[in-house]
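Subject: Structure for you to look at

Dear colleague,

Here is the structure I promised to pass on, with the sequence alongside. Please open it first, and then read my notes below with the model in view.

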Amino acid sequence: MKEFFAQFAIPHPSLLIYIAMASIVLGTIALVAVVTYFKLWGYLWREWITTVDHKKIGIMYLITALVMLFRGGVDAVMLRMQLAVPDNTFLDAQHYNEVFTTHGVVMILFMAMPFITFFFNFLVPLQIGARDVAFPRLNNLAFWLFFMGMGLFNISFVIGGSPDAGWTSYFPLAGNEFSTSVGTNYYMLSLQIAGLGTLMTGINFITTIMKMRAPGMTLFKMPMFTWSALIANLIIVFAFPVLTVALAMGTMDRLFDTKFFSIGNGGMDMLWANLFWVWGHPEVYILILPAFGIFSEVISTFARRNLYGYTSMVWSMVVISVFSFAVWTHHFFTMGQGALTNSIFSITTMAIAIPTGVKIFNWLFTLYKGKIEMTTPMLYAMHFIPLFTLGGVTGVMLAMSAADYQYHNTMFLVAHFHNVIIPGVVYAMLAGLTFYWPKMFGFMLNEKIGKATVWVMSTGFVLSFIPMYITGLDGQARRMYTYSDATGFSLLNMVSFIGAGIMTVSFLMIVWNIWYSFKNSPRNISSDPWNARGLEWATHTPIPNYNFAITPDVTDATSEAFWDSKKNGTKLFKGKIEDIHMPNNSGQPFVMAVAFFILGFAFVFSMWYLAIVGLIVILGCMAFRSLEDDHGYHIHAHEVEETEKKYAKKGGAK
Amino acid sequence: MKNLKGTLLSFMALGTMLLAGCNDKLTVLDPKGPQAQRQADDTMLLITLMGGIVITVVAILIFMLFKYRASKQSADYEPPHIHGHWLVETIMIGIPVIIVIFLSVVSVKSNYIVESTPQGFEDKEPLVIYASSSDWKWHFSYPEQGIETVNYVNFPADRPVEFKLYSFGPITSFWIPQLGGQKYAMADMVTTLNLAADNPGEFWGRNANFSGRGTAENMFDVEAMTATDFDEWVTEVHANAEPITEEKFNELLEPGHLGRSTYTGTHLEFSPAPHHEHHDDEAEEDHSSHE
Ligand code: HEM
Ligand SMILES: [Cu+2]
């Protein structure tokens, strides 16, 4: 009995972890109490947990992403605080290793990924004039699998111990021999479960975009965000299976002592690195392409002009997606693979900078002869352009393999990838969030606070990350929990810490903005408050569950269908209101995802009986589903008409 | 417009601050050997070229933002619909293509340079030193001299050095920034790093790849000496140091940090390096003299 509980104890407890534990327990109790007191369980179950509405699933991804942004953010501040002064003892080596490992995983997989998936879900069906995604119930399952993977990862630091081998989890360090707690088991299993959800999302959205576009919407009339979503999802479908296989092999190494990657018996440590980056490099493009899509929407809206070079924008993304699979070796130029191999991957990597540059120039020329309005989303985009360019050119520096021998594993690399991911992905997500906020929640975020936030964030960003380029060139290696005063790194690390503090302020300003606007913003806004261009703005606010009463027909329109209808009077809604077929909600995906969580947890601790229980429930759900008859339901034409009349009274789009 | 001026000013302030902060040369840009020299030259070239690109983008951006702000235009101005222009798009793709071709040529040349015997040392027989890592220290074995050191390495400045790298544990990365960039040391293969020092001098080296709890302190001292000093040191080691025994070596392999120590003989005799040399794609001569 004692032994049974001992395995769940954390190997390296500290005061910080105990505080976290206590606050998790108290927070959970408070949450349950509130939900029970306000009798919300039924509402949550009917309206959210079992929902098949792409908009609501999107919002659940959004909430997850924002929560994880704050979890990862706290980690980041702890890391910078530890490095702020030399020989600091705030965190010990082990704790620091756990924090940077979870920070990386949380930010890439549980913050950035759900954030872009939120946009896929919320926007893609609206932009292509569809009523839902191709497989609505699969969509719900994908979310819950992702969510359970996230949950499993997040309990690691209070039950059994966090992973500590870096977000790249290189073997043999991540093998049993050197990483003895269950932390890396959590890594393997939670990424596996969340990854399954992501793969489902990929298949779902490719099908949706290929099959469910409104009449008249040819591929080259798709809005730029939908294009970026299509390509990102294609990359997902090609890249994620590699991660699945690598994680399965890694799990076997850890649980069954196979020797795929471990030392001895023919294990090949660099095989893990190869498989990881065959997925990992495309992964960074899965993140950045949708971000490019969002910026394209924002920039053309607020330059009040069509996007310059639409076709070259599309082709550059296609080229990037193909090349993203041909550069993974640049993550280990220093493996000793020789001059020829390094030369090849050096060139393919630099080649990616060309289509990326094309996009930057297209955005710049979209401003040409425009009528630029500096709204908050636009301000994010305008900060993105120079900052991301800086990140891109330092990427080219890293791509010079011989010189990379000096940058690899240093703070220079850390500066590069934050320089592309923060102004690229995070700014895009926040710009898109501000842009689409009124569409989701029916009120605008405050513009004054919004713009101030961008300035504060950029200031913090520059102070945090630019110094790292310098300390990197001065020899500061990454992932080192401390350094001595003699190195001379201390001043710049202190600047970084101050920058991190300023960035924290900017994120708190976002929370404040949401609260402030929730209290004070007017609710009688039109459904098109920004005077925007895409089909998604041709819906009512709030969007009814069927999205469009009549399926739009964009035969006469360009890729900016709504703009055309506003400017040229192009008719979008031809035909008359008919019965609308809708899918039913279902609780099965949730049950199945919970079973996956149990299965994952059981695997982490090698509790085979529990694993069998989880497996039986999963198989049971599948069997049940295959025998089930579910034809959905219809919203009758007269109900739709009544709803539409109500909107007409409120004003807004026709 | 206030915003833009603000940005410019803050960038300038930052630039000055940074420049002031690094009066003494940054380690990587202060090379003391031919390999590091090449890497530092490439870095300076890249910084200049890439700086040019950033400045161009920022200049165009500022121009556009000044010129086409809504607040500067009449209320009834309607921006035109512009698809693109073949000339603009050709320039926009052409210039980056030229830059990338140029950098590719430089990159390929540099690759062959850093992977071969350092320039200026071609006619000298390289000194082979095995550098193996264990949690969290470095073992240096000199088969030619028949000695072994822990956490420090000495070598003559008039000979190229061929470091043969491997690991007794997690992947590590052997790095002496002033002499040249890093390379991985792994448990299942041996990799080769060619370095040389222009003149006698002292440097620091470290494991740059995360390898667990003790990584931060996983450093070693490097000294390039004159040939006579080196020979003297070797003689001294033979006179004073204890031989390395299997027992002693296993003790050294236990995880932990140790100071410097010195032995006669090498562990390669009873615990040879992994067999599998990493197959470089060019036919590479094996200089190692033992076995
Ligand atoms: C102009 C395009 C880019 C080029 C040429 C480039 C090049 C590189 C190279 C060569 C490395 C490996 C460096 C090393 O390990 O020494 C690297 C690392 C990285 N890059 Fe980029 N990159 C580019 C754009 C991006 C973008 C758009 C993202 C993300 C949205 C990104 C995210 C990353 C990340 C996360 C790493 C480091 C992963 C790690 O080791 O933890 N890069 N990049
Ligand atoms: Cu990459």
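The side chains of E78(B) and K567(A) come together in a salt bridge, with 3.5 Å from N to O, and this is a pair to look at with some care, given that the model is predicted rather than experimental. Across the interface of chain B and chain A the rule finds 1 salt bridge, while 32 residue pairs are found there in polar contact, both residues of each pair being at pLDDT 80 or more.

On the side of chain B that touches chain A, the elements that contribute two or more residues are the helices α1 (2-21), α2 (34-67) and α3 (86-114), together with the strands β6 (172-176), β7 (180-185) and β9 (201-207), each belonging to chain B. Of these, α3(B) gives the most, with 16 residues. Sorted by class, this side of chain B is made up of 49 nonpolar, 27 polar and 16 charged residues.

As for the extent of the interface, 92 residues of chain B are in contact with 91 residues of chain A, and the two chains bury about 7800 Å² between them, of which 70% lies on carbon and sulfur atoms. Within the area that chain B buries against chain A, M92(B), Y184(B) and F210(B) supply 9%, which is more than any other three residues do.

Which residues coordinate the copper ion (ligand 2)? The donors are H281(A) through ND1, H330(A) through NE2 and H331(A) through NE2, at distances of 1.8 to 2.1 Å, and along the chain they follow the spacing H-x48-H-H. One of them, H330(A), has a relative accessible area of 14%, and it therefore counts as buried, the cut-off for that term being under 20%.

With best wishes

Note on methods: Residues numbered from 1 in each chain as written. Chains lettered and ligands numbered in written order. Heavy atoms only, no water. Contact = heavy atoms within 4.5 Å. Buried area = accessible area lost by both parts, 1.4 Å probe. Salt bridge = Lys/Arg side-chain N within 4 Å of Asp/Glu carboxyl O. Polar contact = N/O pair within 3.5 Å; in protein donor to acceptor, adjacent residues only side chain to side chain. Helix = DSSP H or I, 4+ residues; strand = E, 2+ residues; numbered from the N terminus. Nonpolar A, V, L, I, M, F, W, Y, C, P; charged D, E, K, R; others polar. Donors = N, O, S within 2.8 Å, 3.2 Å for Na, K, Ca; no water. Buried < 20%, exposed > 50% of the residue type's maximum accessible area, 1.4 Å probe, protein only.
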